[in-house]
Amino acid sequence: MAEKVRLGVVGLRNIGQGHVASAQKLPDAEIVAFADSDPNRLRDACAKSGSARTFANAQQLFEDKDVEAVVLAVPNHLHASMAIAALNAGKHVLVEKPMSRNAAEARDMLAARDRSGKVLMVGMNQRFRPEHHALRELIRNGELGDIYYGRTRWCMQRPGEGLWTRGDWFLSAEKSGGGAVLDMGVHRLDLALHLMGFPRVKSVNAATFCRLANIEMAQRGKGVMHVDEAGVALIHFTNDAALILEASYYLNAPRHNEQYTLLCGTKGYAEAAKQVCAFAVDKDERALALPPVTGASSCVEHFVRVIRGEEKLSPTGEQALASMDILDAIFESARTGQTVQLETAEACT
Ligand SMILES: NC(=O)c1ccc[n+]([C@@H]2O[C@H](COP(=O)([O-])OP(=O)(O)OC[C@H]3O[C@@H](n4cnc5c(N)ncnc54)[C@H](O)[C@@H]3O)[C@@H](O)[C@H]2O)c1
């Protein structure tokens, strides 16, 4: 059996801790190094996993010869520079979503991947829910016919403590690159595109909003939110399909924390939601059996399997770039009030 994949994890707070917990369950991987600029987090991580080396500086971890692959769970403005530095140092890279703050940074990351010949994966964890694997297979098998209409959303109605206790960088346009649409929308956008087989985009029309959060920010004595708190986009594809994307941190609307995707085809439709998981029906509303599937159930597990040659990379870098191109177009359309024409690169697998 091949040796374990030797991982270094950079960023040990919120999602970084999730990746550490996932990696520690894998028989084929071991965490050999941690990095975080916060010494307390580094100390906590070290206390939980004895022999791993710790670095206050990520670059030192990238230069550690024993580290084969890195997991980057750091604020968005560090994704591109750290991923490129790690690839240049010969490491495989799993970087958190969104891939970057914008498509230009994503292109630089892909160029570094191509120069290095290493794996560059963006952590789109929604793909790894078993029911989403199954839905992808069912659609790939043609059971819903041609998918020509979809709605996909992640809408929080009231942010509760979630938004206010997050890292401050989430609220900074410079550090995050965008608000609800980039942060949460990218999950449901990627999932919908993945299920639809990544059709090429021809145009995007969008609106974003920041009307409510700053009132509450002021009441709580917090800073100012410089990013969108909500947004909606209509995405048209070259195959004449269309997708509506909605995302919000804050919206006066019913239901809380709704994650929902509807895909309508010529032979049936499918729904995927956080609560009901996923199901598909034919045109007479008869349930279609979801095919049995196997596959990684977390980003880190998939990353390790890709490095070991056991699974095909998902998403590909080109798919992650297509989402970034769409997100750039959403922000441009919202800013200008115009429909943005674009043609995303071929991104199907
Ligand atoms: N997939 C998901 O569901 C999901 C959920 C939450 C966050 N995320 C993504 O994960 C990334 C991190 O988000 P988070 O909520 O964990 O952020 P966070 O602010 O909670 O944690 C970031 C960590 O990075 C460390 N850090 C910051 N700058 C550093 C540097 N220069 N060198 C080393 N360490 C540094 C911080 O000290 C902190 O421990 C973001 O890109 C976010 O979009 C994804």
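Reader: Which residue of β11 is the bridge partner of W154?

Author: In this predicted model, W154 has Q259 in β11 as its bridge partner.

Reader: Which strand does β11 join through five bridges?

Author: That is strand β12 (residues 268–273), and the two run antiparallel. β11 and β12 make a hairpin, with two residues between them.

Reader: How should I read the side chains along a strand like this?

Author: Start with the general idea: in a regular strand, side chains alternate between the two faces of the sheet. In β11, one side carries E258, Y260, L262 and C264, while Q259, T261, L263 and G265 are on the other.

Reader: Are the faces of β11 covered or uncovered?

Author: Both are covered, and the residues on each side are all buried. Buried here stands for under 20% relative accessible area. Because eight of the eight residues of β11 (residues 258–265) are buried, the strand is largely enclosed by the rest of the structure.

Reader: Let's turn to the ligand. How many residues surround the ligand, and which are the closest?

Author: There are 25 residues around the ligand, and the closest are D36, N76, H79, K97 and W169. As for its location, the ligand sits in the largest pocket. The elements that each give two or more residues to the shell around the ligand are α1 (14–24), α4 (79–88) and α9 (180–196).

Reader: Which side chains have an N or O atom 2.8 Å from an oxygen atom of the ligand?

Author: Look at H79, whose side chain has an N or O atom 2.8 Å from a ligand oxygen. The side chain of W169 also has an N or O atom 2.8 Å from an oxygen atom of the ligand. The backbone takes part in the picture too: an N or O atom of the S37 backbone is 3.2 Å from a ligand nitrogen. On its own the ligand has 850 Å² of accessible area, and the protein covers 86% of it.

Reader: Where is P315, and what kind of peptide bond joins S314 and P315?

Author: P315 is in the loop between α11 (299–307) and α12 (317–336). The bond joining S314 and P315 is cis, with omega about 0°.

Reader: And phi: which residue has a value near 50°?

Author: That is F198, where phi is positive although the residue is not glycine. F198 belongs to the loop between α9 and β8 (201–209). D240 is another non-glycine residue with a positive phi, of about 70°. You can find D240 in the loop between β9 (230–237) and β10 (242–248).

Reader: Is F198 buried or exposed, and is D240 buried or exposed?

Author: F198 has 4% relative accessibility, so F198 counts as buried. D240 has 59% relative accessibility, so D240 counts as exposed.

Definitions and conventions. Residues are numbered from 1 along each chain as its sequence is written. This is a predicted model: local features need pLDDT of at least 70, side-chain atom pairs count only at pLDDT 80 or more; totals for chains, interfaces and linings use all residues. Side-chain values use heavy atoms; hydrogens and water are left out. Buried means under 20% relative accessible area, exposed over 50%, partly exposed in between (1.4 Å probe, protein chains only). Helices (H or I, at least four residues) and strands (E, at least two) are DSSP runs, numbered from the N terminus. Two strands pair if DSSP finds at least two bridges between them. A residue is near a molecule or strand if one of its heavy atoms lies within 4 Å of it. A polar contact is a pair of N or O atoms within 3.5 Å; within protein, one must be able to donate a hydrogen and the other to accept it, and residues adjacent in sequence count only if both atoms are side-chain atoms. Accessible areas come from the Shrake-Rupley method with a 1.4 Å probe; for residues, only the protein chains shown count as cover. On a 1 Å grid over the protein atoms alone, a cavity is a set of points where a 1.4 Å probe fits but cannot get out, and a pocket is an open set with protein on both sides within 12 Å along at least five of seven lines; lining residues have an atom within 4 Å of a point. A molecule sits in a cavity or pocket if more than half of its atoms lie within 2 Å of its grid points.
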